[in-house]
Amino acid sequence: MSRILITGAVGGVGTILRPQLAAPGRTLRLLDIAPLADLPAIPAAAAGRTADGEEYVQASVTDAAAMEKACEGVDAIIHLGGISVEAPWERIHEVNIGGTCTVFEAARRTGVPRVVFASSNHVVGFHTPDEYPLPETVTPLPDTYYGVSKVAGEALGALYAHRYGLDVICVRIMSCFPEPANPRMLATWLSPDDAGRLFEACLTAENPGYRVVYGVSDNTRGGWVSQEGARALGFEPRDNAEAYASQVRERAGEVADDDPVLAHLGGQFCFPNLDADRLGA
Ligand code: 15L
């Protein structure tokens with residue numbers, strides 16, 4: 001019997017991973033600040049894949065006592081919880097950096113041996129196409145406060161791995177959505193099934209120690225980042241966003257090679273008008 005704690009389970013990636021990671025003999029302990037009523041129903045396409053049990057904990061990743069309690073009896077944590085886009089610094093600092101530190105500390109105190117941290121491509125957002133494919137070891141160039149928080153999360157993971165011996169895998173997720181939603185995602189899409197395979201590899205790889213990997217499908221227009229780190233964990237991507245190319249073209253039209261959205265890996269997150277203190281202005 002294994003028990004996996006998933007923080008941010010009600011969010012987009014949590015909703016994708018939940019049916020993917022369900023398996024006989026496994027309990028998913030789902031944690032989110034949202035009430036249980038907000039937990040989406042398992043999609044029909046995933047019917048038949050069920051965990052032996054699901055448990056629900058309503059708590060914030062910033063609540064140290066609640067996180068320690070949520071970690072009891074847990075074999076691994078998938079830490080997705082936090083703000084998933086740009087936001088004012090105070091919020092990013094409290095929830096993404098503070099919350100991630102709280103999660104690692106709760107894991108250490110309760111003896112959870114493995115944490116899989118949902119990092120992001122926005123850690124390296126300001127890198128440019130002439131540098132592709134970016135290796136896992138490339139210098140971080142975050143494109144937002146959000147990206148900075150993911151750099152901090154990876155650094156916290158390194159600290160907890162090297163100082164306390166936790167296995168920590170940081171997955172720089174490219175674009176994990178049910179389908180590619182725009183032309184950029186024809187290069188950056190991580191399909192739900194590939195996300196399931198990748199996170200399963202992160203949960204089961206033997207003695208990974210500290211790793212940073214990119215999470216992306218085998219997209220024809222990809223090649224922006226190295227797949228070596230993920231493959232070394234045993235992940236084999238099988239999906240390709242190209243299957244959705246005509247659908248995306250119909251919706252969004254063609255995107256020229258010199259479109260600003262393709263100028264940097266982080267796409268729109270690199271646009272000068274994305275000012276965290278004027279969001280929605
Ligand atoms: C992310 O890290 C975000 O959480 C998500 O909303 C997308 O913007 C994704 O990156 C992406 O770059 O497509």
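Q: Hi! Which helix does Tyr 145 lie in?
A: Tyr 145 belongs to helix 4, residues 145–164; helices here are DSSP runs of H or I with at least four residues, strands are E runs of at least two, and both are numbered from the N terminus. This is a predicted model, where local features need pLDDT of at least 70, side-chain atom pairs count only at pLDDT 80 or more, and totals for chains, interfaces and linings use all residues. Residues are numbered from 1 along each chain as its sequence is written, and side-chain values use heavy atoms, leaving out hydrogens and water.

Q: Okay, and is Tyr 145 buried, partly exposed or exposed?
A: Tyr 145 is partly exposed, at 32% relative accessible area (buried is under 20%, exposed over 50%, partly exposed in between, with a 1.4 Å probe and protein chains only).

Q: Switching topic: where does Arg 172 lie?
A: Arg 172 lies in strand 6, which covers residues 167–173. Arg 172 is buried, with a relative accessible area of 2%.

Q: What is Arg 172 in contact with?
A: Leaving aside neighbours within four places in sequence, the contacts of Arg 172 include Glu 136, Glu 154 and Tyr 214 (contact means heavy atoms within 4.5 Å).
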